Amino acid sequence: MLSIIIIVVSIMLVYGAVMWVKPSAKDKRLASLRMQALTDGMQVQSCQIQDLSIDGRLNKLSRTVFSYRRYSKKESVHSLLILRTSGESGIYLPDSWVWGTGQRLNEAQTQQLTPLLQQLPESIVGIELTPDYVGVIWDERNPNEYPLVKQLLLSDIPY
């Protein structure tokens with residue numbers, strides 16, 4: 001009897017370890033989505049941004065997000081990070097957007113970005129603009145929004 005209990009417990013331990021390591025359906029979906037981005041010529045990179053929710057601002061929290069990036073040399077010297085917030089908007093930016101790290105644009109330059117920022121879905125939580133790449137920080141919850149992210153990265157964002 002004791003040997004049967006030991007065998008059953010051993011089998012359960014091995015099965016539990018295998019199931020713990022096995023990727024979930026969400027992991028498979030995200031891996032497929034990120035592989036599609038790589039085949040489309042983009043890079044996907046993990047990065048830390050400020051948590052600009054009310055709780056995040058009060059407790060000075062940050063969160064890990066994924067940035068979909070298209071690398072290309074741009075002659076602009078600006079390096080911008082624009083983030084979505086649930087609080088006050090940044091200077092010259094539309095509601096629910098604030099300046100992150102990096103430089104800020106003047107009012108005339110920001111007016112070119114305003115229509116783009118206003119039409120973005122809630123799942124896009126940030127835009128990165130640097131001389132080396134354009135990045136879209138996306139929460140990846142809805143894979144049907146990937147074509148929008150791709151289109152945004154391939155378009156010429158004015159800055």
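Helix 5 (residues 146–154) lies across strand 2, strand 5 (124–129) and strand 6 (133–138), at about 160° to strand 6. Contact here means heavy atoms within 4.5 Å, and angles run from 0 to 180 degrees between N-to-C directions, with axes fitted to C-alpha atoms, for helices over the stretch in contact. Helices (H or I, at least four residues) and strands (E, at least two) are DSSP runs, numbered from the N terminus. Keep in mind that this is a predicted model: local features need pLDDT of at least 70, side-chain atom pairs count only at pLDDT 80 or more, and totals for chains, interfaces and linings use all residues. Residues are numbered from 1 along each chain as its sequence is written, and side-chain values use heavy atoms, leaving out hydrogens and water.

**Helix 5**

- Six strands make an open sheet in the order 1-2-6-5-3-4, paired antiparallel; a pair needs at least two DSSP bridges.
- Strand 1 (43–50) and strand 4 (97–99) are the edges with a single partner strand each, so one side of each has no neighbour in the sheet.
- On average, neighbouring strands are turned by 25° against each other, direction ignored.

**Strands 1 and 2**
- Eight bridges join strand 1 to strand 2 (residues 62–71), and the two run antiparallel.
- Valine 44 stands opposite tyrosine 68 of strand 2.
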